[in-house]
Amino acid sequence: MTTQTDIPTAQTGGERRSWLREHSELGVCVLLLALGVLVLTDALTMDVDIAQRGPVGPKTVPVVVGAGLLVIAALLALDVLRGGRGQAEGGEDVDLSEPADWRTVLLLAGVFLGAAVLIEPLGFPVAGALLFWGAAFALGSRRIDRDPLIAAGLSLVTYIVFNNLLGVPLPGGPLMGVL
């Protein structure tokens with residue numbers, strides 16, 4: 001028979017790890033808190049022209065978003081500490097016991113970084129086509145007869161929509177005179 005004095009008062013390492021595992025959602029709270037502080041810091045240190053028009057200036061939306069992130073972080077932390085838990089993944093095609101596919105993740109990261117490096121010298125149409133084709137390849141498509149054509153068409157349509165219709169200038173690269 002154990003008495004109250006036989007139970008140790010300090011948590012052991014296993015109990016601490018178990019508590020952290022049960023409250024792992026607190027990591028999301030820390031991330032939201034850091035992001036909120038970053039957004040608020042940037043918004044409040046923003047240099048605003050004195051001749052701003054109207055009561056709503058360029059600081060308004062970032063301040064609201066930053067404050068919202070802080071409020072959500074606090075509410076989520078409160079819910080987690082009160083015993084709230086996130087819903088487990090319910091997707092039919094997701095097997096949570098399988099490890100992550102790091103090859104695909106690294107291929108996608110390489111494709112995105114490559115497109116970011118190549119967008120200035122080659123322009124968006126070429127870098128975008130390489131991005132779309134590389135992403136399709138990384139995600140498992142091996143149709144080399146059709147994927148490059150679809151990627152080139154999608155990249156050109158994206159360039160035309162953003163550059164010509166929406167007025168968002170994208171680098172054209174060597175194709176600038178043609179498009």
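Helices and strands are here DSSP runs, a helix having at least four residues and a strand at least two, numbered from the N terminus. The model is predicted. On that definition, the secondary structure of the protein amounts to six helices and zero strands, and the order of elements from the N terminus is α-α-α-α-α-α.

Overall values for the protein are as follows.

| Quantity | Value |
|---|---|
| Buried share of the 179 residues | 20% |
| Accessible surface | about 13,300 Å² |
| Part of the accessible surface belonging to carbon and sulfur atoms | 67% |
| Contacts joining residues at least 24 apart, among those between residues at least 6 apart in sequence | 59% |

Two packed helices are described by the angle and the distance between their axes. For helix H4 (residues 102-122) and helix H5 (residues 124-138), the axes come within 8 Å and cross at roughly 175 degrees. Because angles over 145 degrees count as roughly antiparallel, H4 is roughly antiparallel to H5. The residues that meet include Leu-107, Val-111, Phe-112 and Leu-118 in H4, and Phe-124, Leu-130, Leu-131 and Gly-134 in H5. By class, this contact of H4 with H5 comprises 15 nonpolar, two polar and no charged residues.

Pro-62 belongs to helix H3 (residues 60-81). Its relative accessibility is 23%, so Pro-62 counts as partly exposed. Beyond its neighbours within four places in sequence, Pro-62 is in contact with Val-39, Ala-43 and Met-46. The C-alpha atoms of Pro-62 and Asp-42 are separated by 8.2 Å, the two residues being 20 apart along the chain.

Terms used:
Residues numbered from 1 in each chain as written. Predicted model: local features only at pLDDT ≥ 70, side-chain atom pairs only at ≥ 80, totals over all residues. Heavy atoms only, no water. Axes fitted to C-alpha atoms, helices over the stretch in contact; angles between N-to-C directions. Parallel < 35°, antiparallel > 145°, perpendicular 65-115°, else oblique. Contact = heavy atoms within 4.5 Å. Nonpolar A, V, L, I, M, F, W, Y, C, P; charged D, E, K, R; others polar. Buried < 20%, exposed > 50% of the residue type's maximum accessible area, 1.4 Å probe, protein only. Areas by Shrake-Rupley, 256 points an atom, 1.4 Å probe, with all protein chains shown as cover.
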